[in-house]
Amino acid sequence: MPASPPDADLAAVSAGLDALDAPAAATRPPLWKRLTKSLLPPLVTVVIVIAVWQALWASAWWPEFKLPAPLDVWGEFWATASSGELLDVVWTSVHRAVLGFLAGVAIGTPLGLIVARVPVVRAAIGPLLIGLQSLPSVAWVPAAILWFGINDAAIYFVVLLGSVPSIANGLVAGIDQVPPLLPRAGKVMGAGRIDAARFILLPAALPGYLAGLKQGWAFSWRSLMAAELIAISPQLGMGLGAYLSHGQDFNDMPKVLAAIFLILIVGVGIDLLVFRPLERSVLRARGLTSAL
Amino acid sequence: MSVTLDQPDLAQSTDVAVQLSGVAKVFGHGRDAVTALENVDLTVAPGEFVCLLGASGCGKSTMLNLVAELDAPTTGTITRNTTRPAVMFQDPALMPWLTAGRNVEFALRLAGFPRTGRREKAAELLKLVRLEGQERKRPHELSGGMRQRVALARSLASTHRTGAEDRPALLLMDEPFVALDAMTKDVMQGELLRIQAQLQSSVLFVTHDVREAVRLGQRIVLLSSRPGRVVREWQNTPDEDSPDLVDEINAKLREVISTHARKSA
């Protein structure tokens, strides 16, 4: 064997290489810059949409009962908000959607894990899960009403059928994309099946799973709106869907538009407040920052 | 046919770390069967650095998998008188969501190392691979060479099974430096020799690079391809003139590879 360089030399070269080759730490721009970069474009969009709307209304192309002024919609919104009705309506729907979504997570997660890891199960119900995802959950509302009656059970049934397939499919996709070397590395370190699933497979599948959760939430929310629009009854209380339906019943276009905006705002709001930060922290920890 | 992977009796434990006798590995059945290894005998002494050298298809990686118990031999016996082997791949295969320190701690946890002291042990192992103070860095914040050193620290961590402290450590390395640039590779080879000398562990190191084998190995084992058989072994003594040995092994490797051209022609 040739003589190796002395240890001190090796240490110095090694440290030098580390300093040169390690990726430079990304510097984060100041807060105000980040805020303007992320908040300004959507604000500009909103302003433009309202301006165009106002212009269309001013041109009086459509009658007032078809296209009300932005200010009228705001007036309806404000009246509902100040009477306290708005909070009730939004709360009724949001708490249903959240409960339904959480139940969807509780069912979809083990389901996805089994579909991903057991080939027979995947062959048996994998295509069905994908098919269910493309079936609009509003299609289940009539069946749900006939089975359960007009009550909470019918609504949750529709929400579950909307969210479970997305969540399960997201987890399956996440697990499928785990590099095979990671479980193998776990195996040589002595990880059994349970340890491998818990400490390697699930964390490695987290980005895909989160994408599934995000989609599952979106599906829960829209399924709920579909169910609330159709299944209306006094004992169900007034959710956003029923509120929207009210607007239609009374030919009250400002109310209809206010309801649509509220549905949109809640959907986007939950995504921005809950899923975006989660996704950011997960992706940033793995150095997947290109989309952030 | 006998296949055992049991702990050997302690009588012979002093002079043998790993022993393969008459090991063969066949993949598939019937006409599609592929013989990856045939009648391989190999002994690694405690503290010995053995390089397995061969062209593609010589079953080098299969052999490591067998010793690592990722796979079982078709025939023959493998006895191992060491700790759980530390395995390193071409890719560092670090868990991207864990910091460098947590990656090492994870291996300690799987090895049954008690919770208290895991962090200190991980820091100690990272210090051994000259990554002191880098515990909190994530894999994507490290260079390729640093990542591979975290992988080395992690693989060493997996040898720390409690109750096996008296057994010698064994490192199984499957072309671990192949993806690194020349300079980093050179430094890594130096680091590996330093660490191996310090830990007195046995190493089974797979490579297709004759220079690397001659730089690292105390013994170099040349394997033929399809099926893999031991063709020749060289002792690499420090006073030997190594350029000659590189040439000699290269010539023999060329000869082995050339026979395949005649076979397939």
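1. **Confidence.** The predictor gives the complex an ipTM of 0.81 and a pTM of 0.79. For chain B, the mean pLDDT is 82, and 88% of the residues reach 70 or more. One stretch of chain B calls for care: over residues 1-12 the pLDDT is below 50. Beyond near neighbours in sequence, that stretch has 11 contacts in the model. Where pLDDT is low, the predicted coordinates should not be read in detail.

2. **Chain A, overall.** Chain A has 11 helices and zero strands. Read from the N terminus, its elements are α-α-α-α-α-α-α-α-α-α-α. The C-alpha trace spans about 95 × 50 × 30 Å along its principal axes. The radius of gyration of chain A is 26 Å, while a compact globule of 292 residues would have one near 19 Å. Of the 292 residues of chain A, 29% count as buried. Among its contacts with a separation of 6 or more, 73% come from residues 24 or more positions apart.

3. **A spot in chain A.** A:Pro70 lies in helix H3 (residues 70-82) of chain A. Is A:Pro70 buried or partly exposed? A:Pro70 counts as partly exposed because it has 16 C-beta neighbours inside 10 Å, and a buried residue needs 20 or more. Leaving aside residues up to four places away in sequence, A:Pro70 touches A:Ile50, A:Trp53 and A:Gln54. A:Ala51 is 19 residues from A:Pro70 in sequence, and their C-alpha atoms are 9.1 Å apart.

4. **Chain B, overall.** Chain B contains seven helices and nine strands. Of its 265 residues, 48% count as buried. Take the contacts in chain B between residues at least 6 apart in sequence: 73% of them join residues at least 24 apart.

5. **The interface.** How many residues of chain A are in contact with chain B? The count is 30 residues of chain A, against 35 residues of chain B. On the chain A side, the elements that give two or more residues are helix H1 (7-21), helix H8 (181-188) and H9. H1(A) supplies the largest share, eight residues. By type, the chain A side divides into 20 nonpolar, four polar and six charged residues.

6. **Helix H2 of chain B.** This helix covers residues 100-110 of chain B. It is mostly covered, with 10 of its 11 residues buried. Among them are B:Ala100, B:Asn103, B:Glu105, B:Phe106, B:Arg109 and B:Leu110. What do the buried residues of H2(B) pack against? One neighbour is in the other chain: helix H9 (193-230) of chain A. The others are helix H3 (118-128) and helix H4 (144-157) of chain B. After H2(B) comes B:Gly112, with a positive phi near 85°.

7. **Strand E7 of chain B.** E7(B) spans residues 202-207, and six of its six residues are buried. In a regular strand the side chains alternate between the two faces of the sheet. Both faces of E7(B) are covered. On one side sit B:Ser202, B:Leu204 and B:Val206. On the other sit B:Val203, B:Phe205 and B:Thr207.

8. **Partners of E7.** Strand E3 (residues 49-53) of chain B pairs with E7(B) in the parallel sense, over five bridges. There, B:Leu53 stands opposite B:Thr207. Strand E6 (residues 170-174) of chain B also runs parallel to E7(B) and is joined to it by five bridges. B:Asp174 has B:Val206 of E7(B) as its bridge partner. E6(B), helix H5 (residues 182-199) of chain B and E7(B) form a right-handed β-α-β unit.

9. Strands E1 (residues 18-27) and E2 (residues 34-44) of chain B run antiparallel and are joined by seven bridges. Which residue of E2(B) is the bridge partner of B:Gln19? The partner is B:Thr43.

Key: Residues numbered from 1 in each chain as written. Chains lettered and ligands numbered in written order. Predicted model: local features only at pLDDT ≥ 70, side-chain atom pairs only at ≥ 80, totals over all residues. Buried ≥ 20, exposed ≤ 12 C-beta atoms within 10 Å, placed from the backbone. Helix = DSSP H or I, 4+ residues; strand = E, 2+ residues; numbered from the N terminus. Contact = placed C-beta atoms within 7 Å. Nonpolar A, V, L, I, M, F, W, Y, C, P; charged D, E, K, R; others polar. pLDDT = per-residue confidence, 0-100. Rg over C-alpha atoms; globule rule 2.2 N^0.38 Å. Pairing = 2+ DSSP bridges. Right-handed = clockwise from strand over helix to strand, strands pointing away.
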